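Let's walk through this structure together, one step at a time. Keep the sequence and the 3D view side by side as you read.

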Amino acid sequence: MIRRTQGKIDYSIKHGIMIGYIDGSQNVSAIETGWTQTSPEQIAETLLEKFPTKEDAIKAVDSPVMFPTFKKDDYCYVDEFGDVIESNLSWNKDVMRKHIGHLFLFMKGTWQYSDNGIDWEPAVEALDMVKEVA
């Protein structure tokens with residue numbers, strides 16, 4: 001059950017993580033990863049190192065490597081994918097997954113991160129990760 005404080009959603013108990021990519025129809029194909037003992041920073045590090053291109057992102061989502069526990073192939077672009085995170089602003093309540101608190105989406109040439117389903121930034125910046133220079 002979601003704990004609420006003064007009518008607000010308690011995001012501190014939302015630890016689920018989903019990753020996705022934008023397909024040729026501009027829909028988002030995404031999975032919920034079964035990696036439960038990990039942080040968003042650890043997932044970001046894995047995605048950035050092991051799956052740095054769109055082709056790799058497709059492999060990550062469409063294969064068992066991320067231990068998918070849920071998959072949906074037809075989120076109506078980024079907006080509906082963002083509605084996975086419970087919000088008072090969500091338009092698509094039917095796609096909401098109450099335990100999800102972190103989204104990763106491969107777009108704009110890199111992994112983007114959102115913890116509210118609305119604002120997206122490169123995962124490296126959003127999670128204050130140190131970029132290694134090659």
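Asp 73 and Lys 71 form a salt bridge, with their closest N and O atoms 3.7 Å apart. In a salt bridge, a side-chain nitrogen of Lys or Arg lies within 4 Å of a carboxyl oxygen of Asp or Glu. Side chains of opposite charge can pair when their charged atoms come close. Please keep in mind that this is a predicted model, in which local features need pLDDT of at least 70 and side-chain atom pairs count only at pLDDT 80 or more, while totals for chains, interfaces and linings use all residues. Residues are numbered from 1 along each chain as its sequence is written, and side-chain values use heavy atoms, with hydrogens and water left out.

Now follow Lys 71 to another partner. Its side chain also meets that of Asp 62 in a salt bridge, at 2.8 Å from N to O. How many salt bridges does the structure hold? There are four, and one of them joins Lys 72 to Asp 74, with the closest N and O atoms 2.7 Å apart.

Lys 71, at 37%, is partly exposed, and so is Asp 73, at 44%. For the other pair, Lys 72 is partly exposed at 22%, and Asp 74 is partly exposed at 44%.

Next, look at the strands, which are DSSP runs (E, at least two residues) numbered from the N terminus. Six of them make an open sheet with mixed pairing, in the order S5-S4-S3-S6-S7-S8. Strand S5 (68–75) and S8 stand at the edges with a single partner strand each, so one side of each is left without a neighbour in the sheet. Two strands pair if DSSP finds at least two bridges between them. Strand S4 (residues 28–33) runs antiparallel to S5, and five bridges join them. Here you meet Lys 72 again: this residue of S5 is the bridge partner of Ala 30.

Finally, find Asp 119 in the loop between strand S7 (110–114) and strand S8 (121–122).

How values were computed
Helix = DSSP H or I, 4+ residues; strand = E, 2+ residues; numbered from the N terminus. Buried < 20%, exposed > 50% of the residue type's maximum accessible area, 1.4 Å probe, protein only.
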